[in-house]
Amino acid sequence: MPSQAPLPAALNPRVPLLARACGRTLLLAFLVLVITAMVPFQPRSLAWASQLSGRIVDTASFPLLAVALLRLATLLQPEPDPRSERQEALALARQKDWALLLCRSGVISLGLLAVWQIPLLFGSISTLDQQNQARSGQLNQRLSQGEQTLRQAPAAAIQRDWQRLRAAGAPGIPPDIRDPEQQRQLLLEQLEREQQQLARTIGGQQGQSRFVVVRNSFRILALCAIYIAGFQAIGRRRGL
């Protein structure tokens with residue numbers, strides 16, 4: 001059997017220091033990213049809240065790796081003798097408690113972020129529904145105004161609109177109709193078709209926007225669950 005490589009007699013004392021420095025750097029970078037994402041502060045804005053939630057989960061690997069490095073630094077550091085090195089032992093104990101506290105803080109923070117997504121999801125869908133109702137109201141108002149304008153327009157205006165649509169090659173405009181009243185009726189039907197097409201377009205956009213909102217919410221929830229499991233694994237065993 002091949003012989004195993006011998007283990008080093010002692011760990012380089014700079015390794016825990018490097019791990020601790022990298023962990024603190026990642027934590028500071030995460031805080032800077034989150035704080036800048038919060039500016040300008042608009043807690044009543046659903047768009048601001050959704051953007052902030054996405055930024056947090058997209059950069060949550062920073063604090064996860066930072067806590068792992070801080071925890072690793074405490075595990076790699078030799079245990080001092082509490083009787084002869086009391087100050088060093090207390091400092092190491094504080095570092096261990098601080099790393100475990102960061103683990104619990106990560107679990108709690110991400111749990112609250114996940115719960116926050118529920119009212120955000122319903123609020124965003126409600127806002128989309130209100131926008132759809134407003135667009136539908138504007139569409140109905142435009143249809144009513146257009147119908148009223150066509151019904152009250154003189155024959156000369158109807159013929160001008162008819163010629164304009166014919167020149168544009170609009171479908172449903174036969175060239176052999178010369179009666180202004182028949183032209184008026186066909187123009188009304190053309191207006192209704194255009195409004196129906198616009199309503200279908202708005203409905204499709206509304207469905208797509210709702211899908212994007214639901215997809216982003218479930219993405220954030222899934223990432224929160226993954227990172228919570230990671231923080232729990234890092235801080236699971238106090239005796240390590």
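Modeller: What follows is a short exchange about some of the terms used for this structure.

Modeller: This is a predicted model, in which local features need pLDDT of at least 70 and side-chain atom pairs count only at pLDDT 80 or more, while totals for chains, interfaces and linings use all residues. Residues are numbered from 1 along each chain as its sequence is written, and side-chain values use heavy atoms, with hydrogens and water left out.

Colleague: Why is Ser124 called buried?

Modeller: Buried means under 20% relative accessible area, exposed over 50% and partly exposed in between, with a 1.4 Å probe and protein chains only. Ser124 has 12% relative accessibility, so it counts as buried.

Colleague: Where is Ser124 found, and what does Ser124 touch?

Modeller: Ser124 is found in helix α4, residues 86-152, a helix being a DSSP run of H or I with at least four residues, numbered from the N terminus. Leaving aside residues up to four places away in sequence, Ser124 touches Leu46, Ser50 and Val213, where contact means heavy atoms within 4.5 Å.

Colleague: What makes a set of points the second largest pocket, and which residues lie nearest its centre?

Modeller: On a 1 Å grid over the protein atoms alone, a pocket is an open set of points with protein on both sides within 12 Å along at least five of seven lines, and lining residues have an atom within 4 Å of a point. The second largest pocket is lined by 15 residues, and Leu46, Ser50, Ser124, Val213 and Asn216 lie nearest its centre. Its volume, the space filled by probe spheres set on the points, is about 240 Å³. Helix α4 gives the most to this lining, with seven residues.

Colleague: How many residues of the lining of the second largest pocket are charged?

Modeller: Asp, Glu, Lys and Arg count as charged, Ala, Val, Leu, Ile, Met, Phe, Trp, Tyr, Cys and Pro as nonpolar, and the others, Gly among them, as polar. By these classes the lining of the second largest pocket has eight nonpolar, seven polar and no charged residues.

Colleague: How do you know that the length of α2 agrees with what a helix should span?

Modeller: The expected span is 1.5 Å times one less than the number of residues. The 13 residues of α2 should therefore span 18 Å, and its end C-alpha atoms are 18 Å apart, which agrees. Several residues of α2 are buried, including Trp48, Ala49 and Leu52, and the buried residues of α2 pack against α1, α4 and α6.

Definitions and conventions:
Helices (H or I, at least four residues) and strands (E, at least two) are DSSP runs, numbered from the N terminus. On a 1 Å grid over the protein atoms alone, a cavity is a set of points where a 1.4 Å probe fits but cannot get out, and a pocket is an open set with protein on both sides within 12 Å along at least five of seven lines; lining residues have an atom within 4 Å of a point.
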